[in-house]
Amino acid sequence: MIQRIQSIYLLLVALIASVVSTLVPYGFDQDKNELLAKDNLLVLGMFAGSAVLAVVSIFLFKNRQLQFVLGRINILLNFILLGVFVYWSLTLSGETLVSEKGIGMLLPIISIVLLVVANKAIKKDENLVKSVDRLR
C-alpha cells in the first residue's frame with residue numbers, strides 16, 4: 001500500500017523539507033549573503049521535524065487515522081514555520097537582518113498544499129474502507 005497517491009505527496013513534502021530547504025535561501029542579508037535553513041537552528045529544526053513526520057506518515061499506511069493526525073500536525077508545524085518567516089520579514093527593518101526575501105519562504109506553503117491533498121486522499125481511503133465494511 002506504499003504505492004498510494006498520498007505516499008507520493010508525503011514523499012514530496014519530505015524531499016522539500018529535507019533537501020530543497022537546505023539548498024534554497026529564505027532570504028538575503030544586507031551584504032547579499034544567502035540565508036539558508038542549515039545556518040539557522042530554529043528553521044532547520046522545523047524543516048527536519050516536517051520531513052520526519054512526513055516519512056513516518058508514509059510508513060503508517062495501515063493506520064490511516066494516525067496517518068491523518070500526523071498530517072494535520074505536520075500542517076500545523078508548517079504554518080508555524082510560515083509564521084516565523086512572516087514575522088521575520090515584517091518586524092525587522094529593511095537592512096538589519098533580512099533585506100530581501102528568498103524563494104525559500106514559499107516552501108512551507110508548498111508543503112501545506114501537498115499535505116492537505118495527501119490528507120484528502122487518506123480520508124478518501126478511510127471512507128472507502130468504511131463503505132466496504134458496511135457491505136459485509
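Ring pairs join Tyr 26, Phe 47, Phe 85 and Trp 88 into a cluster. Rings of Phe, Tyr and Trp (its six-membered ring) count as a pair if their centres lie within 6.5 Å; planes under 30 degrees apart are stacked, over 60 edge-to-face, and the rest tilted. Please keep in mind that this is a predicted model, where local features need pLDDT of at least 70 and side-chain atom pairs count only at pLDDT 80 or more, while totals for chains, interfaces and linings use all residues. Residues are numbered from 1 along each chain as its sequence is written, and side-chain values use heavy atoms, with hydrogens and water left out.

**The aromatic cluster and the core**

The structure holds four aromatic pairs. One of them is stacked, because the rings of Tyr 26 and Phe 85 have centres 5.2 Å apart and planes at 25°. Tyr 26 sits in the loop between α1 and β1 (27-28) and Phe 85 in helix α3, so this pair ties together parts 59 residues apart in sequence. Phe 47 and Phe 85 form a tilted pair, 6.4 Å centre to centre with 45° between the planes. Here helix α2 provides Phe 47 and helix α3 provides Phe 85, 38 residues apart. Tyr 26 and Phe 85 are buried, and Phe 47 is buried as well; buried means under 20% relative accessible area, exposed over 50%, and partly exposed in between (1.4 Å probe, protein chains only).

The largest nonpolar core has 25 residues, and Tyr 26, Val 43, Phe 47, Leu 81, Phe 85 and Trp 88 touch the most other members. Such a core is a set of buried Ala, Val, Leu, Ile, Met, Phe, Trp, Tyr and Cys residues joined through side-chain atoms within 4.5 Å. At least two core residues come from each of α1 (5-23), α2 (41-58), α3 (64-91) and α4 (107-135), with α2 giving the largest share, six residues. Leaving out residues up to four places away in sequence, Trp 88 touches Tyr 26, Asn 40, Leu 42 and Val 43, where contact means heavy atoms within 4.5 Å.

**Salt bridges**

The structure also holds two salt bridges, each a side-chain nitrogen of Lys or Arg within 4 Å of a carboxyl oxygen of Asp or Glu.

| Salt bridge | N to O distance |
|---|---|
| Arg 4 – Asp 125 | 2.9 Å |
| Arg 64 – Glu 126 | 2.8 Å |

Arg 64 lies in helix α3 and Glu 126 in helix α4, so their pair ties together parts 62 residues apart in sequence. Arg 64 is buried at 18% relative accessibility, and Glu 126 is buried at 12%. Arg 4 is buried too, with a relative accessible area of 10%.

**The chain as a whole**

Four helices and three strands make up the secondary structure of the protein chain, in the order α-β-β-α-α-β-α along the sequence. Helices (H or I, at least four residues) and strands (E, at least two) are DSSP runs, numbered from the N terminus. Of the 136 residues, 43% are buried. One of the helix residues is Ser 57, in α2, which is buried with a relative accessible area of 2%. Apart from neighbours within four places in sequence, Ser 57 contacts Leu 10, Gln 67 and Leu 70.
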